[in-house]
Amino acid sequence: MSTLIDLKGSPNPKIIGRAIYSYEVLGSTNIQAKDLAESEAEDGTVVIAKIQSEGKARRNRNWISPEGGLWLSVILRPNIPPQKATLVTLMAANAVDETLSEYGLKAKIKWPNDVLIDGKKVCGILTEAKTKENEIEYLVLGIGINANFDLSELPEDIRGASTTIKNELKRDISQDELLQRLLGHVNKYYEGLLASDFQKIVKTWKEKSDTLGRHVKITTQMESIQGIAQDIDDTGALILKRDDGDIQKLFAGDCVYLRNVE
Ligand code: BTN
């Protein structure tokens with residue numbers, strides 16, 4: 001059962017969060033959002049759950065989603081080329097970063113989609129796309145923020161590399177306020193994306209980047225490559241100066257830091 005909060009009639013309705021479907025428990029908000037998108041849910045529709053029993057992370061991993069986290073997905077129907085879809089992940093990372101800064105938390109972004117506080121992951125982002133004839137039919141932007149729960153809720157193998165807002169602030173915060181702030185920032189960047197202001201998204205991401213300038217190992221489905229993360233281009237692809245001197249562009253992959261470069 002979901003509760004539908006429909007904000008279309010409110011003054012100055014924004015795109016993101018025009019309609020919000022809110023659930024107690026879901027397998028995955030991304031899966032529910034895909035189902036809604038298939039039945040014509042409009043641009044900006046949000047799906048949120050208090051608990052996810054089978055939260056999805058990148059590369060078919062599980063995303064542990066206990067009560068107290070902010071687990072949500074946004075259905076987007078931007079009229080942009082599929083090659084620019086990565087910018088949606090970047091814009092979400094910018095929005096999370098900005099939201100966290102409003103709580104006095106200094107976060108940085110690890111390519112492609114992790115938000116870190118002091119090197120520990122507080123948020124993951126999973127963007128999934130449905131395309132048709134080289135056009136985006138819809139995107140599902142999934143954002144998971146470790147908010148009001150103790151680290152002991154997470155399995156031991158990921159605990160050391162993770163943090164939560166509660167762990168950082170030593171207090172709970174209002175989930176509703178966190179949601180409203182986050183959606184406001186996502187809305188701002190999304191309006192920029194629709195107005196083709198791709199530069200702003202990329203520029204802000206670079207300012208918040210934890211990855212650029214580092215010696216990294218990127219593992220894709222095909223290969224593992226090491227080099228210096230030099231830049232990202234205007235589609236959000238990582239430009240890697242490989243250890244053998246060649247330049248390679250990467251659109252997705254797992255990123256591990258090797259050592260800092262002076
Ligand atoms: C990652 O770091 O690999 C991405 C994690 C994304 C988790 C969020 S939680 C809300 C949304 N629903 C899901 O099933 N996954 C995303």
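Q: How much area is buried between domain 1 and domain 2?
A: About 1400 Å² is buried between domain 1 and domain 2, and carbon and sulfur atoms give 53% of that. Keep in mind that this is a predicted model.

Q: Why quote an area at all?
A: The size of an interface is often given as the accessible area lost when the parts come together.

Q: Back up a second, where do the domains run in the chain?
A: Domain 1 covers 2-208 and domain 2 covers 215-259. Their centres, taken over C-alpha atoms, are separated by 24 Å.

Q: How many residues of each domain are in contact with the other?
A: On the domain 1 side there are 16 residues, in contact with 18 residues of domain 2.

Q: What about salt bridges, how many between domain 1 and domain 2?
A: The count is four salt bridges.

Q: And polar contacts across that interface, how many residue pairs?
A: Seven residue pairs are in polar contact there, both partners being at pLDDT 80 or more.

Q: Which elements give two or more residues to the side of domain 1 that touches domain 2?
A: H2 and helix H6 (198-208) do. H6 gives the most, with five residues.

Q: Switching topic: which helix is Ala-95 in?
A: Ala-95 is in helix H2, which spans residues 86-101.

Q: Is Ala-95 buried or exposed?
A: Buried, because its relative accessibility is 0%, and the cut-off for buried is under 20%.

Q: So what is Ala-95 in contact with, leaving aside neighbours within four places in sequence?
A: Its contacts are Leu-182, His-185, Val-186 and Tyr-189. Take Tyr-189: it sits 94 residues away along the chain, yet its C-alpha atom is 7.4 Å from that of Ala-95.

Q: And Asn-94, where does that one lie?
A: Asn-94 lies in helix H2 as well. Asn-94 counts as buried because its relative accessibility is 1%.

Q: What does Asn-94 contact, again skipping neighbours within four places in sequence?
A: Asn-94 is in contact with Ile-109, Tyr-189, Ile-201, Thr-204 and Trp-205. Tyr-189 is a contact of Asn-94 and also of Ala-95.

Key
Residues are numbered from 1 along each chain as its sequence is written. This is a predicted model: local features need pLDDT of at least 70, side-chain atom pairs count only at pLDDT 80 or more; totals for chains, interfaces and linings use all residues. Side-chain values use heavy atoms; hydrogens and water are left out. Helices (H or I, at least four residues) and strands (E, at least two) are DSSP runs, numbered from the N terminus. Buried means under 20% relative accessible area, exposed over 50%, partly exposed in between (1.4 Å probe, protein chains only). Contact means heavy atoms within 4.5 Å. Domain bounds come from an automatic or database domain assignment. Buried area is the accessible area (1.4 Å probe) that two parts lose on being put together, summed over both. A salt bridge is a side-chain nitrogen of Lys or Arg within 4 Å of a carboxyl oxygen of Asp or Glu. A polar contact is a pair of N or O atoms within 3.5 Å; within protein, one must be able to donate a hydrogen and the other to accept it, and residues adjacent in sequence count only if both atoms are side-chain atoms.
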